[in-house]
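Dear colleague,

I am passing on the structure below, followed by my notes on what was found in it. Please read the notes alongside the coordinates.

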Amino acid sequence: MAEDSDAEKTEPASAKRLEQAREEGDVPRSREVATFTVLMAAGAGLWVMGDMVIRQLEAVLVSGLTLDQEQIFNAEVLLRRVVKDLVQVLLACLPLGVAVMVVALASPLLVGGWLFSAKSFTPNFGKLNPAKGITNMFSKNALVELGKAILKTVVVGFVAWLVVLKYKDAVIGLSVEPLRLGIAHTANMLAAAFMFIVGALGLIAAIDAPYQMWHYADKLKMTRQELIQESKESDGNPQIKGKIRQMQREMARRRMMADVPTADVIVTNPTHYAVALKYSDDMRGAPKVVAKGTDEVAAKIRELGKEHKVTLLEAPALARALFKHTEIGDEIPEQLYAAVAEVLAYVFQLRLFNRGGGNRPVEPKQLDVPPTMDPLDPAYIPKHGKPTDLNNGAPA
C-alpha cells in the first residue's frame with residue numbers, strides 16, 4: 001500500500017516542473033476563450049464600424065460596375081482599375097482586421113500567457129503511433145472534449161432557435177421594405193443574431209477556462225518520490241548535506257577542544273555544564289569563552305582540563321548563565337563581570353599558592369550571579385524580556 005501511495009501523483013507541481021513544462025511549450029490553453037474573444041471582437045467591430053465599411057464597399061462596388069470605353073478596350077487601364085478597387089476594399093476592411101488581429105494576439109494572456117518555444121517546432125514522431133492515437137481517442141480528455149462539443153451544439157442551437165423566433169416576423173417584413181432600408185435592417189438583424197450566438201459561446205468559455213487551468217495543474221502533479229528526487233538534484237542529497245554538517249560540527253568541536261588546555265578556569269555545574277574561560281594581562285576587554293558544552297561534551301572538557309591541570313570550579317549558577325548567554329569566542333556579559341572576577345582572583349591566588357607562595361585561597365561559594373541571568377532562577381528573563389518561573393528544560 002505504501003508503494004502504491006508513493007506512486008500516486010498527489011503533490012502540486014514544483015516551480016521547477018512548471019518552468020520545464022513552459023520551456024517545452026506546455027501551458028494551459030482554452031480554445032473556447034480564444035474563439036469567443038475573436039468572434040466577439042469581430043462582432044463588436046462590425047457593430048461600430050459596419051456602416052463605414054458598408055459605405056466604402058458600396059462605393060467600390062458602384063465604381064467597379066461603372067466602365068467607360070477606354071477601360072473596356074484597354075486591358076492595361078482595366079487592370080489598374082481592378083488593382084485600385086482591391087486596394088480600396090483592403091483599406092475598408094483594414095481597421096476591422098487590425099482590431100480582430102490585436103484581440104487574437106491578446107487572448108492568450110487570459111489563459112496561459114504568451115509563449116514562444118522552439119521545442120514546439122521539433123517533430124514528434126511518437127504522435128504517429130496508431131496505438132497511442134487510439135488510446136487518446138478513449139482518454140478522459142477526449143471524453144471531456146466530446147462533452148464540450150455536445151454542450152456547444154446544444155447551447156448555440158438553442159440560442160439560434162430563440163433568435164429565429166425573435167426575428168421571424170421581421171424577416172418576413174423585409175420583402176415590403178425599400179431596398180436600402182431592407183439592407184440596413186437585414187444587417188442590423190444579422191449583427192444582433194451574431195452577437196447573441198457568440199454571447200452563448202461566452203458561457204462555454206467561462207466553464208472551459210477554469211477547467212483547463214485545473215486540468216493543467218492536475219496533469220503536472222508529482223509523486224512524493226519525484227519531489228524528493230528533484231530536491232536532491234536542486235539542493236543536493238539531504239543525507240550528504242547532513243553528513244557534511246556533522247563533519248563541520250566535529251571539526252568545530254575539535255578546534256574547541258584544542259583551546260581547552262589554554263583556558264585559565266573551567267566553570268562547571270558540576271556534571272551537566274562546563275564553560276572554559278581565558279584571560280591574560282595582554283588581552284583587551286573582558287575574559288572570553290574558549291569552550292563550552294553539556295553532558296558528554298562537558299565531561300570531555302573537564303577531562304581535558306584535569307589532564308592539562310586547568311583549574312575546575314564548581315559554580316552551578318555561573319556555569320548555567322555563561323552557557324546560556326555566551327557563544328565560543330565571545331566576551332562574558334557585563335552582568336557577570338563581578339562573579340567572573342572573583343573566580344579569576346581565586347584562580348590566580350591558587351596558582352601563586354601552588355608555586356609555594358602565600359596561603360591557600362578559599363574557594364568562592366556564593367558568587368554574585370544576577371537572578372535574571374540564571375535560567376533556573378524564577379526571576380530569569382529570557383530573550384523576549386519577560387520573567388519566567390520555568391527552568392526551560394535546563395538540567396539542575
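Val 98 counts as partly exposed because its relative accessibility is 36%, where partly exposed lies between buried (under 20% relative accessible area) and exposed (over 50%), with a 1.4 Å probe and protein chains only. The model is predicted, so local features need pLDDT of at least 70 and side-chain atom pairs count only at pLDDT 80 or more, while totals for chains, interfaces and linings use all residues. Residues are numbered from 1 along each chain as its sequence is written, and side-chain values use heavy atoms, leaving out hydrogens and water.

Val 98 sits in helix α5, residues 75-106, helices being DSSP runs of H or I with at least four residues and strands runs of E with at least two, numbered from the N terminus.

The UniProt record, an unreviewed entry, places "transmembrane region" at residues 89-116, 149-167 and 187-207; such annotations may be inferred rather than shown by experiment. Residues 149-167 are 100% helix and 0% strand, with end C-alpha atoms 27 Å apart, and residues 187-207 are likewise 100% helix and 0% strand, with the corresponding atoms 31 Å apart.

Best regards
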